[in-house]
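Student: I would like to learn how to read a protein model residue by residue. Could we go through one together, with the criteria stated as we go?

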Amino acid sequence: IIGLVSLFFGITVVAYAAPVSFTPGTTISSTAVKNSIDQNKSVATCSAEVLNVALTTTVANINSVSITVPGPGTVLVSGSGTFAVTNSGTAAWEGDVWITDITGTSAGDVRNFWNGPTGLPAGFYSSPLHEQRTFTVAAAGTNTYFMTGRYFGTQVVDVYRSSVCAVFTPN
């Protein structure tokens, strides 16, 4: 184990270096050792917090995070925030949130939704949200992931204080 990194939501990332084989009788350069370690390390990053996004009836970006990975592996993307609505008491509503790698879409089979039925007493309602999804990464490079959302009904649903974190683990 090389080190530990503690992120939002109590996530702890353990960074490690995988064993590397070198051919006997060859000179091992410090560059080769560094490159081997760089290709086998975990990486983590988080977005800036977005204070408020009013969802619309069209899927749109709420927040995003970009992560530069050293090679193939898996990225766990976690998004959080708070659903909120000022309910008139006369109509049903629903807010939906996805984690995706395609901007402005609901691509993916996992979503977080929050709704209220017709007849719910008028007032302000809120609920915490947390969504996560894993993505396979084939090669080194920068990847961007999005928290997207929309609402159904006649009352606008907001997402307050959203953030998105990405944690890369090498194969």
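Student: Which residues does Asn112 touch, not counting residues up to four places away in sequence?

Tutor: Some conventions come before the reading: this is a predicted model, in which local features need pLDDT of at least 70, side-chain atom pairs count only at pLDDT 80 or more, and totals for chains, interfaces and linings use all residues. Residues are numbered from 1 along each chain as its sequence is written, and side-chain values use heavy atoms, with hydrogens and water left out. A contact means heavy atoms within 4.5 Å. By that criterion, and leaving aside residues up to four places away in sequence, Asn112 touches Phe83, Gly95, Asp96, Val97, Leu129, His130 and Glu131.

Student: Where does Asn112 lie, and is Asn112 buried or exposed?

Tutor: Helices (H or I, at least four residues) and strands (E, at least two) are DSSP runs, numbered from the N terminus, and Asn112 lies in strand β8, residues 111-116. For accessibility, buried means under 20% relative accessible area, exposed over 50%, and partly exposed in between, with a 1.4 Å probe and protein chains only. Asn112, with a relative accessible area of 15%, is therefore buried.

Student: What is the nearest side chain of opposite charge to Glu131?

Tutor: Here Lys and Arg count as positive and Asp and Glu as negative, while His and the chain ends are not counted. A salt bridge is a side-chain nitrogen of Lys or Arg within 4 Å of a carboxyl oxygen of Asp or Glu. Glu131, which lies in strand β9, is buried yet has no salt bridge, and the nearest side chain of opposite charge, that of Arg133, is 7.8 Å away. A polar contact is a pair of N or O atoms within 3.5 Å; within protein, one must be able to donate a hydrogen and the other to accept it, and residues adjacent in sequence count only if both atoms are side-chain atoms. In this model the backbone nitrogen of Asn112 lies 3.0 Å from a polar atom of the side chain of Glu131.

Student: How many salt bridges does the structure hold?

Tutor: Side chains of opposite charge can pair when their charged atoms come close. The structure holds two salt bridges. In one of them the side chains of Glu49 and Arg161 meet at 3.2 Å, N to O, and this pair links parts of the chain 112 residues apart, with Glu49 in the loop between β3 and β4 (50-54) and Arg161 in strand β11. Glu49 is partly exposed, with a relative accessible area of 40%. In the other, the side chains of Arg150 and Asp96 meet at 3.8 Å, N to O, linking strand β10, which holds Arg150, to strand β7, which holds Asp96, over 54 residues. Asp96 has 0% relative accessibility and so counts as buried.

Student: What is the phi of Arg161?

Tutor: Most residues other than glycine have a negative phi. Arg161 has a positive phi of about 50° although it is not a glycine.

Student: Which residues touch the most other members of the largest nonpolar core?

Tutor: A nonpolar core is a set of buried Ala, Val, Leu, Ile, Met, Phe, Trp, Tyr and Cys residues joined through side-chain atoms within 4.5 Å. The largest one has 26 residues, of which Ile67, Val75, Val77, Tyr145 and Val157 touch the most other members. The elements giving two or more residues to this core are β5 (60-69), β6 (73-87), β7 (93-100), β9 (123-137), β10 and β11. Tyr145 lies in strand β10 (residues 141-153) and, at 3% relative accessibility, counts as buried. The contacts of Tyr145 include Asn63, Val75, Val77 and Phe135.

Student: Which cysteines does the disulfide join?

Tutor: A disulfide is a pair of cysteine sulfur atoms within 2.5 Å. Here Cys46 is joined to Cys165, with 2.0 Å from S to S, and the link is right-handed, with 105° about the S-S bond. Cys46 lies in strand β3 (residues 43-46) and Cys165 in strand β11 (residues 158-170), so the pair ties together parts that are 119 residues apart in sequence. Cys46 counts as partly exposed at 23% relative accessibility, whereas Cys165 counts as buried at 2%.
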